[in-house]
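Subject: Structure handover

Hi,

Here is the structure you asked for. Please open it alongside this email and follow along.

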Amino acid sequence: MSNQAYDVIVVGAGHAGCEAALASAKLGCRTALVSFSLEAAARLSCNPSVGGIGKSHLVFELDALGGIIAENADYTGIQFRTLNTKKGPAVQAHRAQCDKTMYSERMAGILAQTPNLTLVEGEAAAILTGGGRISGLQLEDGTSLTAGALVLTPGTFLNGIMHIGDRQIPGGRIGEAASRDIAEQLKGLGFHVERLKTGTPARLRSDSLDYGKMTAQPGFDPPPLFSWKARRHREMFHVEQSGPEAPESWHKQTPCYMTYTTPETHDIIRSNLQRSALYGGSITGTGVRYCPSIEDKIVKFADKDSHHVFVEPEGLSTDLVYPNGISNSLPEDAQLAMLRSI
């Protein structure tokens, strides 16, 4: 067993954990960032996009405060758009479709090169306390990390459960375990613990889709970027051709596509509602407003015979695409029938 001393320990290397660790290190604090897998730093495990309605203002605010998400999205984005351009500026939003692999790799590189920041790969087993306050963290392998402050950013991993129809699988995301011990210890320390609710659709093979039946959605030129750094770079690229070269994706963007659900799609969903985790009783939480499940859309907007589905590539080096708009908790056979009806 070894002991290592820090000023701040951050647990979890998702978006929030990376921002917290970088902010702490930039302030001069000796910081440790603990993660199951450092290779998965800031992994875009849902839709590989940043921004959009309800989220883009947070990205701008983080950039103004010295955060990294805006810059990382700008330099790993493969398509850039502004949403709601036919409406007023109050409801417009920037959105970047990012390369899933590039985003995580670039973030891992930034973390590795940041002074005062130590990357620790391991599983958080127990919060260490003493004298009525936090004193550090113990890892599953017995290593103890001491610090005066502990930042927990576990996201969906804290006592996480995945729902596929009536099946329930412990985990933070597919193939990765949930953090159960910390959840139970937090309860013992007097904290009220709940789960975050999210939902995703099945990923699709690009070569299995008929793009001829879809409407192409190209990116905007010039690309609407998030960060001050990238916007200055873009201006330099356009004004001074001898300046640093801009990413190829800024002038050669990857298209997304739009299609629709059909009345058959809606019939399939209605006939399987009680088999979904959301309407079958397994899930009782309320989902986020800007990303409703397809089950909710069918029930709450019963007069609609179609809904948009946005077909979005997950990166330049993968053939997987994300069908945005049909997040659900249906069993696999119902999902497959639904997909084939679109």
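First, the ground rules. This is a predicted model, in which local features need pLDDT of at least 70, side-chain atom pairs count only at pLDDT 80 or more, and totals for chains, interfaces and linings use all residues. Residues are numbered from 1 along each chain as its sequence is written, and side-chain values use heavy atoms, with hydrogens and water left out.

**The sheet**

Helices (H or I, at least four residues) and strands (E, at least two) are DSSP runs, numbered from the N terminus. Two strands pair if DSSP finds at least two bridges between them.

Four strands build an open, parallel sheet, ordered β7-β3-β2-β11. β7 (117-121) and β11 (149-152) are the edge strands, each pairing on one side only. From one strand to the next, the twist averages 20°. Axes are lines fitted to C-alpha atoms, for helices over the stretch in contact, and angles run from 0 to 180 degrees between N-to-C directions.

Look at β3 (residues 31-35). Five bridges join β3 to β7 in the parallel sense. Thr31 has Leu117 of β7 as its bridge partner.

Helix α1 (residues 15-26) lies across β2 (8-11), β3, β7 and β11. Its angle to β3 is about 165°.

**Helix pair α7 and α10**

How do α7 (residues 263-271) and α10 (residues 332-340) cross? Their axes come within 8 Å, at roughly 165°. The two helices are therefore roughly antiparallel; that label needs an angle over 145 degrees, while under 35 is roughly parallel, 65 to 115 roughly perpendicular and the rest oblique. The crossing is left-handed. That term applies if the near helix is turned anticlockwise from the far one by less than a right angle, and right-handed if clockwise.

Thr265, Ile268 and Ile269 of α7 meet Ala334, Ala337 and Met338 of α10. Contact means heavy atoms within 4.5 Å. Five of the contact residues are nonpolar, one is polar and none is charged. Ala, Val, Leu, Ile, Met, Phe, Trp, Tyr, Cys and Pro count as nonpolar, Asp, Glu, Lys and Arg as charged, and the others, Gly among them, as polar.

**Helix pair α3 and α4**

α3 (residues 69-76) and α4 (residues 100-112) pack at about 130°, with axes 9 Å apart. So α3 is oblique to α4. α3 passes α4 in a right-handed crossing. The contact includes Ile69 and Tyr75 of α3, and Met102 and Arg106 of α4. Its residues divide into seven nonpolar, two polar and two charged.

Best wishes
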